[in-house]
Amino acid sequence: MSKRIYVGNLNYATKEDSLSGRFAQYGEVVSAVVIKDRFTQQSKGFGFIEMADDAAADKAIAELNGKEIDGRRVRVNVAEDKQRSERRPRRDFNREDRAGRFRSSEGEY
C-alpha cells in the first residue's frame, strides 16, 4: 500500500524531479508534486511525495525530517487527509440574495 508524505519549508526553486530523486534513494516514488500558486505558478514552499512501500516511506520520513534539501531545512511527515469542512469556505462575491440584492464580502450594494 502506498503512503503520502508531506514535505514543508521547501526552497522555492525546488522542482518535482529533484524532490523525487531525493526520496527515490529510500524506495519507489509513485509521484512527487510541488504545490504552486494557481495564478503565478510560483512554488508555495511545500509538496507531497507518494511512495509505494510503507516501510520505505517511514524510513524516508525518519531520515529526511530536519535535513537540508536545496539549502533549506525541511519538515517531513505523513500527510494528513483533510475533510472539505475543515478547509476555509469559498468566498462568494457578487451574488444575488433571495430579495434580489447583490451582496459581497463588504456588504450589500
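Trainee: Which residues touch the most other members of the largest nonpolar core?

Mentor: In this predicted model, Ile 5, Val 7, Leu 19, Phe 23, Ile 49, Met 51 and Val 76 do, out of 19 residues in that core.

Trainee: What makes a set of residues a nonpolar core?

Mentor: Two things: the residues, such as Val, Leu, Ile, Met or Phe, have to be buried, and they have to be joined through side-chain atoms within 4.5 Å. Buried here means under 20% relative accessible area. Ile 5 and Val 7 are members, so they meet both conditions. As a general rule, nonpolar side chains in soluble globular proteins tend to be buried together.

Trainee: Which elements give two or more residues to this core?

Mentor: Strand E1 (3–8), helix H1 (16–24), E2, E3 and helix H2 (54–64) do. The largest share, 5 residues, is from H2.

Trainee: And what is Val 7 in contact with, once you skip its neighbours within four places in sequence?

Mentor: Quite a list, including Leu 19, Phe 23, Ile 49 and Val 76. Gly 45, Phe 46 and Gly 47 are on it as well.

Trainee: How do you know that strands E2 and E3 pair?

Mentor: Pairing takes at least two bridges. E2 (residues 29–36) and E3 (residues 43–51) have 6, in the antiparallel sense, so they count as paired. One example is Val 33, whose bridge partner in E3 is Phe 48. The two strands form a hairpin with 6 residues between them, and Gln 41 in the turn has a positive phi of about 60 degrees.

Trainee: In what order do the strands of the open sheet come?

Mentor: The order is E2-E3-E1-E6, with antiparallel pairing.

Trainee: What makes E2 and E6 the edge strands?

Mentor: Each of them, E2 and strand E6 (75–78), pairs on one side only. As for the helices, H2 packs on the sheet and touches E1, E3 and E6, while H1 lies across E1, E2, E3 and E6.

Trainee: Why is Asn 9 called partly exposed?

Mentor: Its relative accessibility is 34%. Buried would need under 20% and exposed over 50%, so a value in between is called partly exposed. Asn 9 is in the loop between E1 and H1, and has a positive phi of about 65 degrees although it is not a glycine.

Trainee: What about Asp 70: how exposed is that residue?

Mentor: Asp 70 has a relative accessible area of 40%, so it is partly exposed too. Asp 70 is in the loop between strand E4 (68–69) and strand E5 (72–73), and its phi is positive, about 55 degrees, although it is not a glycine.

Methods. Residues are numbered from 1 along each chain as its sequence is written. This is a predicted model: local features need pLDDT of at least 70, side-chain atom pairs count only at pLDDT 80 or more; totals for chains, interfaces and linings use all residues. Side-chain values use heavy atoms; hydrogens and water are left out. Helices (H or I, at least four residues) and strands (E, at least two) are DSSP runs, numbered from the N terminus. Buried means under 20% relative accessible area, exposed over 50%, partly exposed in between (1.4 Å probe, protein chains only). Contact means heavy atoms within 4.5 Å. Axes are lines fitted to C-alpha atoms, for helices over the stretch in contact, and angles run from 0 to 180 degrees between N-to-C directions.
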